[in-house]
Amino acid sequence: MSDARELLDRLSVEQKAALCVGADAWTTVPVDGVGVGAVRMADGPHGVRFVADEGATGSESVPATCFPTAVALASSWNADLVTEVGAALAEEAAALGVNVLLGPGVNIKRTPVGGRNFEYFSEDPYLAGELAVAWIDGLQSRGVGASLKHFALNNQEFQRNSIDVLVDERALREIYLPAFEAAVTRARPWTVMCAYNRVAGELCSQNARLLSDILRGEWGFDGAVISDWGAVRDRVAALAAGLDLEMPGPRPAHVQEIVDAVADGRLPQERLDDAVLRVLQLALRSHATEPARSVDLEAHHALARRAAAESMVLLKNDGALPLERGTPLAVIGRSAKEAKIQGGGSSRVTPTRIESPWDALAATGSELRYAEGWAADLLPRPELIREAADVARSAAAAVVFVALPGSLESEGYDRTELALPLAQAELIRAVAAAQPRTVVVLNSGGAVAMTPWIDSVPAVLQAWTMGQAGGPAVVDVLTGAVNPSGKLAETFPLALEDTPAYLSYPGENGRARYDEGIFVGYRYYDARRTRVLFPFGHGLGYTTFAYDDLQVSASRFEAGESLRVSFTVANTGSVAGQEVVQLYVHDAETSVRRPVKELKAFAKVALGPRETRRVTLQLSERAFAYYHPVHARWVAEAGDFDLLVGASSADIRLRARVTLTRGTPVPFALGRDSSVREWLADPGGHAVLAPLLRQIREGAAHAMGSSDADEAIGMDLNRFLMDMPLASILAFGESSPDVSATRLVDELLDRARAAASPQDGTPA
Ligand code: BGC
């Protein structure tokens, strides 16, 4: 097989330019004569959306397994399961001749009303990153490439093609980029898809900082950058910024623009070559593996069922579940029969078949009575509600199926509210009033507010956008055939007004300012002590788990060393189950504002009744670090940290304190504006300034007419001076015009620099 560089040398500029723009809606341009085949792409992420008509994006796709969507898979917290789904997706893609499946989507759920939240994993960057790595590993292990999307900051659908996202550097690095970073550096996706929106004034498709500096420069990405469909405005600017392949095509005008730009020197030939090389490598990779011949669709349906069951989150259960075998049931709500399996937009898959909850309940042989409960148009229908209440009253228990309609959760626009449609909320209350044993099964692709009805029902099962086999999965969980083990990958707030981005989403005048900074999801609710409906990481099951005996490999450690955190988890109940154990880190001593806790490791542990297992999790330096915008790097500051092991972000069971004795070495960063506090936090600065402090205070006191070095005009001088630049303090005492405060500070800075190198990141 030829190598890409060799092929490159055989291409004319026109052929090269042609390779940088798609041939049609889904494929790249083949190059006749040199043996470069076209690359076929298809949408994911939760099924193969293969559209036979290569000229169209929106037509019906051929049947493929519709797996649970990302919001569901994330709630499984099971990376192995996600890898299995990735591998199954690859088998189906390969059988259809698809080389690149357009997923996973790892954008962070900044607001619970994001239209595509069902397609994304989490509000937490670590969880999203781990699952993206798992998904890509599974997919690419079978010779199909991933397209990690949408890079970056596509966190809302509102004005997604134009909105300019303004985000501070820490939030960018700590919240919005890490899932991409983990996926790129560890799973090496074949392609990365740029987002539609702007970031800091520049479209992502022509954003050199994102596409070249960060993605390639910092993370070493060696695949092809492709555009989101139609995201390219200026083809030459996009190419110059690092965008290799524009999709979809054909766009002959763009090809010509590339040729012209090379001819008149606006685009360096090397940049074009670079892009073409990556497209050629993609093509060679794509054709290196034989397409799979047959796919076991039955096995994939079974996998979709297992994945759905493992993803469902039992939000509340006051003893109503599991249902005993043979319980006569009132089955209420049209989504029992018309199952909601996915959301709207480019990810929409034509399922191979759908098993509804009704089908699956009927197969159990239980006595069932059905009432539609709510109408497809969601308009109030008192007669449906009355009928549902009557049916509920006559049964031993009622299961109410409610779902956000597909059109409410979609690509291209956001949800407008958090609550369920009124017709469904009223139905739940009426049924619960008629039947105390009422279980709500909710199909939504994201958080839903439940205040008007949650207290009236004893049990709520969140079944998500559950995929084509969600029906039997719901029944598995309701009956206890599967012990629920999903946990929330996103907080369920009480109300939209409580959410972190409430005051700045969706932005105005074309700009979305991410004013909440790093305080996204539970990081915000924790910091503000805001009550939520269900916290991040929450999920119940039919057994109980006890945590014990936390051990850490060292209580004192240095930057560069890892910690092993181990503890026992015991299944204290009488049925087998799986527990998602979560390890959060709290920085007890920090010079910058940090979240109260952040997820840094997790595991899913299967335990038989009364079984105990020891779990070991690993924490590297990065788990303790924040992104330091001045040093432009991750810095773990020396000091104390608490390791919190829990069953959810709000249910911490074990804790241990560790001390980072030597933080990440950072370059000297004191300057003329540095405050006394900053000087003292810096080892070199401390060495130079500490001995002079009293004298400096006396000078300041004297200048204020006080003879007391600690107090002047009712002020605690120590506190008063602490956050002032040294030069400003010295300027107080500037008696002689010959001795400039600035010059003095410059001298002290020289001495501190000499005393410093290299130093620790030590908190103030
Ligand atoms: C979506 C992408 C998708 C592409 C191709 C775009 O509208 O944002 O996620 O992969 O279309 O269908």
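A word on the model: it is predicted, so local features need pLDDT of at least 70 and side-chain atom pairs count only at pLDDT 80 or more, while totals for chains, interfaces and linings use all residues. Residues are numbered from 1 along each chain as its sequence is written, and side-chain values use heavy atoms, with hydrogens and water left out.

Let's start with the ligand. It is surrounded by 13 residues, and the closest are Asp43, Arg116, His150, Asp228 and Glu411; a residue counts here if one of its heavy atoms lies within 4 Å. For aspartate 228, an N or O atom of the side chain is 2.7 Å from a ligand oxygen. For lysine 149 the distance to a ligand oxygen is 2.9 Å, and for tyrosine 196 it is 3.0 Å. On its own the ligand exposes 310 Å², and the protein buries 94% of that (Shrake-Rupley areas, 1.4 Å probe).

Now the helices, which are DSSP runs of H or I with at least four residues, numbered from the N terminus. Helix 12 (residues 297–311) and helix 16 (residues 470–479) have axes that come within 8 Å and cross at roughly 45°; axes are lines fitted to C-alpha atoms over the stretch in contact, and angles run from 0 to 180 degrees between N-to-C directions. Helix 4 (residues 79–95) packs with helix 12 at about 150°, their axes 11 Å apart. Helix 4 and helix 12 are therefore roughly antiparallel, the word for angles over 145 degrees.

Terms used:
Polar contact = N/O pair within 3.5 Å; in protein donor to acceptor, adjacent residues only side chain to side chain. Helix = DSSP H or I, 4+ residues; strand = E, 2+ residues; numbered from the N terminus. Parallel < 35°, antiparallel > 145°, perpendicular 65-115°, else oblique.
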